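Morning, everyone. Please have the sequence and the model open while I talk.

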Amino acid sequence: MDVFEKREMAAEKARGGEEEEEGEGQRLLSEGVTVVDFDLLCSTVAMQAQKGQWVKLNLNGDEEKAMGYDYGGGVLRMWEGELFCDCLDDRRIAFQSVCCPWYRFGKNMKRAGFGSCFLQGSVYVILTLVALLSILAFIVTKKHCFLYVGGAFIILVGVYMGYHRTKMRNKFNIRGDSSLDDCIFHLTCPCCTLSQEARTLEMNNVQDGIWHGRGDTICVGSYSELGKTPFELSPPAIVSTKS
């Protein structure tokens, strides 16, 4: 068998495979089964996840009509590990949260896209130092005004960190309770809370506010950060049963 005969046989097999695929598609359409291009479907889901609003897929050839459901990305995520029981799962993060909480907080905010590590860490240090110095001034002078100032700044630290935890939950659609609970978590056990946030951001490869996810998830950015994403998604075409 020469080379030309082998090429003809390969071409015939390729044509036969294409005819089988077309016949399968026609059979599914005749049975009333909707055939949707998987790439177009993934593109549609990714685009609507960026917008935070889901639309009804057009399977009849008409214009798309928005459903009006706002799911904040469409995927409900979870924090990595329990707040108090799993704080030692990653000892490096736990050590940083205990010994250098301002650094750990700044790193978390940088990953989440809420400012630079230095800026957020500096705000944390200033608020904490004012609270500690006020408590020390009360111990030395016995003046209650310093105690009130120190208590106010301690609450302010918890509110500030809880506010950013709530922003993180809303941005990445992470399941949680209320904003009040976020503030209470940071007031009662800030080290465990910082560890949980850091584990979630690092294990899911969050970089500059973009949730890349683990190896089995789709990386979806936001329109304001398209310049930082490794790829761009074009708007999906209309999907119909005849495509």
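Start at Glu197. Glu197 is buried, with a relative accessible area of 1%. Arg165 is buried too, at 2%. What does Glu197 form with Arg165? A salt bridge, with the closest N and O atoms 3.1 Å apart. Glu197 lies in helix α8 and Arg165 in helix α6, so this pair ties together parts that are 32 residues apart in sequence.

Keep in mind that this is a predicted model. I will come back to confidence at the end.

Now move to the neighbouring topic, Asp182 and Arg169. Their side chains meet in a salt bridge, at 3.0 Å from N to O. Asp182 sits in helix α7 and Arg169 in helix α6, 13 residues apart. Both Asp182 and Arg169 are buried. Which residues do the shared partners join into one network? Arg165, Arg169, Asp182 and Glu197. As a general point, side chains of opposite charge can pair when their charged atoms come close.

How many salt bridges does the structure hold? Six. One more of them deserves a look. Arg92 forms a salt bridge with Glu202, and their closest N and O atoms are 2.6 Å apart. This pair links distant parts of the chain: Arg92 is in helix α3, residues 91-99, and Glu202 is in helix α8, residues 190-203. The two are 110 residues apart. Are they buried or partly exposed? Arg92 is partly exposed, at 42% relative accessible area. Glu202 is partly exposed as well, at 22%.

Next, the rings. A search of the whole structure finds three aromatic pairs. Take Phe105 and Tyr160. Their pair is tilted, with 6.0 Å centre to centre and 55 degrees between the planes. Phe105 belongs to helix α4, residues 101-112, and Tyr160 to helix α6, residues 144-172. That puts them 55 residues apart. Phe105 is buried, with 1% relative accessible area. Tyr160 is partly exposed, with 21%; the cut-off for buried is under 20%. Ring pairs also bring in Tyr124, which makes a cluster of Phe105, Tyr124 and Tyr160.

Now Phe172 and Trp211. Phe172 counts as buried, at 3% relative accessibility. Trp211 counts as buried too, at 6%. Their ring centres are 5.4 Å apart and the planes stand at 50 degrees, so the pair is tilted. Why does this pair tie together separate parts of the sequence? Because Phe172 lies in helix α6 and Trp211 in strand β4, residues 210-211, and these parts are 39 residues apart.

Tyr163 counts as partly exposed, at 48% relative accessibility. Tyr163 and Leu180 are 17 residues apart in sequence, and their C-alpha atoms are 8.9 Å apart in space.

Two backbone angles next. Most residues other than glycine have a negative phi. Asn173 has a positive one, near 55 degrees. Asn173 is in the loop between α6 and α7, and is buried, at 16% relative accessible area. Asp208 also has a positive phi, near 55 degrees. Where is Asp208? In the loop between β3 and β4. Asp208 is partly exposed, at 34%.

On to the surface. Leu129, Leu132, Leu133, Leu136, Ile139 and Val140 form a nonpolar patch there. Together they have about 620 Å² of accessible area. Leu129 is found in helix α5, residues 117-141, and counts as partly exposed, at 46% relative accessibility.

Now step back to the whole chain. The protein chain has eight helices and four strands. From the N terminus, the order is α-α-β-β-α-α-α-α-α-α-β-β. Of the 243 residues, 32% are buried. The chain exposes about 15,200 Å², with carbon and sulfur atoms supplying 61% of that. Among contacts with a separation of 6 or more, 58% are between residues 24 or more positions apart.

Last, confidence. The mean pLDDT is 74, and 58% of the residues reach 70 or more. Over residues 50-73 the pLDDT is below 50, though this stretch has 48 contacts in the model beyond near neighbours in sequence. Residues 216-237 also stay under 50, with 38 contacts beyond four places in sequence. Where pLDDT is low, the predicted coordinates should not be read in detail.

Note on methods. Residues numbered from 1 in each chain as written. Predicted model: local features only at pLDDT ≥ 70, side-chain atom pairs only at ≥ 80, totals over all residues. Heavy atoms only, no water. Buried < 20%, exposed > 50% of the residue type's maximum accessible area, 1.4 Å probe, protein only. Contact = heavy atoms within 4.5 Å. Areas by Shrake-Rupley, 256 points an atom, 1.4 Å probe, with all protein chains shown as cover. pLDDT = per-residue confidence, 0-100. Patch = residues over 30% accessible without salt bridge, like charges linked within 9 Å, V, L, I, M, F, W, Y side chains within 5 Å. Salt bridge = Lys/Arg side-chain N within 4 Å of Asp/Glu carboxyl O. Phe/Tyr/Trp six-rings, centres within 6.5 Å; stacked < 30°, edge-to-face > 60°.
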